Each structure stands twice: as structure tokens, then as C-alpha cells.
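Good morning, and thank you for the time. I shall begin with a single residue and then widen the view to the whole chain.

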Amino acid sequence: MFSDIESLNTDQEVVEELALTDVRPNPYQPRKTFDEAALQELADSIAQSGVFQPIIVRKSLNGYEIIAGERRYRASKMAGKETIPAIVRQMDEQQMMEIAVLENLQREDLSPLEEAEAYQTLIKKLDLTQEEVSERIGKSRPYIANYLRLLTLPDETKKYLQAGKLSMAQARTLLSLKKKDEINDVAKKAIKEALTVRQLEQLVLQMNADKPKAKVNKAVKSPYLRATETALVDRLGTKVKINANKRGAGKIEINYTSVKDLNRILDTLNIRVD
């Protein structure tokens with residue numbers, strides 16, 4: 001229903017010029033940070049040529065709330081504009097929240113933490129399960145679960161992730177630390193020493209290791225294979241397991257939850273089955 005809010009037919013809708021002072025950001029906007037350089041470029045364009053595509057708003061008790069188009073709204077303010085073209089739509093709180101979250105998720109430029117919080121919003125506010133969220137956005141349930149786990153990170157480490165000082169893969173590696181009170185310190189070390197994901201995984205393995213035993217019956221997966229698994233999980237959005245023998249040969253197991261999920265994975269791998 002809300003797959004592309006701004007491509008809906010607007011033949012019967014009227015574009016109005018609204019005072020920017022009467023317009024407010026969407027309270028359910030999942031994006032917390034906006035690229036200032038990109039906003040300035042848009043502001044320069046708007047200052048010279050105006051806003052080509054109207055924003056979408058809904059009437060509220062005190063003015064209007066943005067449904068889609070907050071970047072244009074912010075850039076227009078930066079450009080010194082007093083009004084902005086807008087289409088007013090009737091929408092309730094639930095619809096507005098769902099559109100705000102899904103529209104931003106479809107743009108695929110949220111930070112990992114913003115994406116995780118968007119999934120959490122859909123689950124809590126709309127009373128959805130992880131499986132239902134995965135169906136709505138076309139991602140696997142393990143993919144959703146991996147992002148939701150980021151919300152359990154300590155606040156300090158979350159700030160590093162939001163600022164781009166830590167990658168999604170590094171943050172997930174930190175979550176595997178047995179002693180959760182060490183996460184912030186290890187995060188700082190990873191940033192200070194510019195550790196790769198593989199190096200960080202090796203450090204976490206060492207920190208998690210028990211005292212040396214006389215016999216070691218279970219082989220420890222190499223940092224390279226663990227990093228490869230992580231890369232495949234991030235690329236395919238589902239659980240991936242790599243098993244290798246002493247000769248270096250092995251197999252890759254890729255999980256899927258349904259035929260639809262399998263087709264999504266095949267599309268991601270650019271595999272076409274006639």
C-alpha cells in the first residue's frame with residue numbers, strides 16, 4: 001500500500017504553497033542525521049530553481065506534519081525560502097508512522113542504528129512480529145534480528161556506530177563479547193587502532209577464550225572464514241555458515257525462510273533460474 005508514497009497518482013490532488021513556519025517534521029522520522037554537504041547542495045539548487053517535487057503533508061492541530069520530503073523542507077529553510085509546494089493528504093497516526101518508516105527504509109541510506117530503530121518502531125507501534133516486518137520490507141527475519149541486536153549495544157558504542165566510526169560488521173562482532181561491560185573499551189580500541197573486522201574478531205575470540213585445556217577437541221574457525229561469513233550475511237541478509245576441513249575444502253550453507261526469500265537471495269546473487 002505504501003511502497004512508493006510519492007509516485008502515487010496526483011492528478012486529482014492540488015499542490016499548495018505552504019508557509020514553512022506552518023510545517024513541522026514527521027515525529028516518526030527514523031533518520032536522526034542528515035548529510036549537511038548534500039543538504040547544502042540541495043539548498044543551492046532550490047535557491048536557484050525552486051522545489052520541483054512537492055512534499056507530502058497531513059493537516060494537524062497546529063499546522064502541517066511532513067509525511068515525505070523532509071530533506072526538501074530542511075533545504076528550503078537553508079535556502080531562505082518562506083514557502084514550499086505541498087500536497088495535503090488525509091492520514092491517521094498509524095498510516096503516517098508506517099509510511100515514514102517504510103519510505104526511509106526503501107531509500108536504503110539510513111545508518112545501521114537508524115535502520116534498527118525503524119524496525120523496532122514497526123514492531124512496537126504496529127504490534128508486528130519480526131516475520132511480519134520482514135514480509136513488509138522484503139528482508140529475511142534473520143536480517144531483521146541482526147539489526148535489532150544492535151539496540152542492545154551500550155550507549156557509548158551506539159554513538160560510535162551512528163557516527164560511522166564503527167561499521168555494522170564491527171558492531172556485530174562486539175556483541176559476541178562474553179563480558180558485555182568490556183564492549184565500550186574494545187570499541188574504543190578498534191577505533192583507535194583502526195582494526196579490521198577480521199582483526200577485531202580475532203581479538204574478541206582471544207578475550208572470550210577460556211583458560212588453556214589439556215585437550216582441544218573442537219577446531220576454532222579461522223578469522224578469515226568468520227569474516228567471510230559476516231560479509232555474506234550482510235550481503236544476502238540471511239544466516240550463512242561456512243564449514244572447512246583441514247585441506248581447505250568445505251561447503252557454504254545459506255538459509256532461506258520461504259520460496260520468496262530464496263528468490264530474493266538468487267536476485268541478490270544475480271542468478272536467474274528459467
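Let us start with Asn104, which lies in helix α3; helices here are DSSP runs of H or I with at least four residues, strands are runs of E with at least two, and both are numbered from the N terminus. Please note that this is a predicted model, in which local features need pLDDT of at least 70 and side-chain atom pairs count only at pLDDT 80 or more, while totals for chains, interfaces and linings use all residues. Residues are numbered from 1 along each chain as its sequence is written, and side-chain values use heavy atoms, with hydrogens and water left out.

Is Asn104 buried or exposed? Asn104 is buried, because its relative accessible area is 4%; buried means under 20%, exposed means over 50%, and partly exposed is in between, with a 1.4 Å probe and protein chains only. Arg31 is 73 residues away from Asn104 in sequence, yet the two C-alpha atoms are 7.5 Å apart in space.

Setting aside neighbours within four places in sequence, Leu105 is in contact with Leu110, Glu115, Ala118, Tyr119, Leu122 and Ile137, where contact means heavy atoms within 4.5 Å.

Leu105 leads us to the nonpolar cores. A nonpolar core is a set of buried Ala, Val, Leu, Ile, Met, Phe, Trp, Tyr and Cys residues joined through side-chain atoms within 4.5 Å. The largest such core has 37 residues, and those with the most contacts inside it are Leu105, Tyr119, Leu122, Leu150, Leu174 and Leu200. Two or more residues of this core come from each of α3 (93–107), α4 (112–125), α6 (141–149), α7 (155–162), α8, α9 (183–192) and α10 (197–208). Which of these elements gives the most? The answer is α4, with six residues. There is also a second, separate core of 16 residues, which includes Leu18, Leu20, Ile46 and Val57.

I would draw your attention to helix α8, residues 168–175, where Thr173 lies. Thr173 is buried, with a relative accessible area of 6%. Not counting residues up to four places away in sequence, Thr173 touches Val197, Leu200, Glu201 and Val204.

I turn now to the aromatic residues. Rings of Phe, Tyr and Trp (its six-membered ring) pair if their centres lie within 6.5 Å; planes under 30 degrees apart count as stacked, over 60 as edge-to-face, and the rest as tilted. By this rule there are two aromatic pairs. In one, the rings of Tyr119 and Tyr147 have centres 6.0 Å apart and planes at 85 degrees, so the pair is edge-to-face. This pair links distant parts of the chain, since Tyr119 belongs to helix α4 and Tyr147 to helix α6, 28 residues apart. In the other, the rings of Tyr143 and Tyr147 have centres 4.9 Å apart and planes at 40 degrees, so the pair is tilted. Tyr143 and Tyr147 both lie in helix α6, four residues apart, about one turn of the helix. Together, ring pairs link Tyr119, Tyr143 and Tyr147 into a cluster. Relative accessibility is 1% for Tyr119, which counts as buried; Tyr147, at 11%, counts as buried, and so does Tyr143, at 10%.

Charged groups also meet rings here. A charge sits over a ring if NZ of Lys or CZ of Arg is within 6 Å of the ring centre and within 35 degrees of the ring normal. Lys139 lies over the face of Tyr143, at 4.9 Å from the ring centre, and the charged end of Lys59 sits over the ring of Tyr64, 5.1 Å from its centre.

Let us move to the strands, which pair if DSSP finds at least two bridges between them. Five strands form an open sheet of mixed pairing, in the order β1-β5-β3-β4-β2. At the edges stand β1 (15–19) and β2 (23–24), each with a single partner strand, so one side of each is left without a neighbour in the sheet. Strand β3 (residues 55–60) pairs with strand β5 (residues 83–88) in the parallel sense over three bridges, and the bridge partner of Ile55 in β5 is Ala86.

Of its 274 residues, 42% count as buried.
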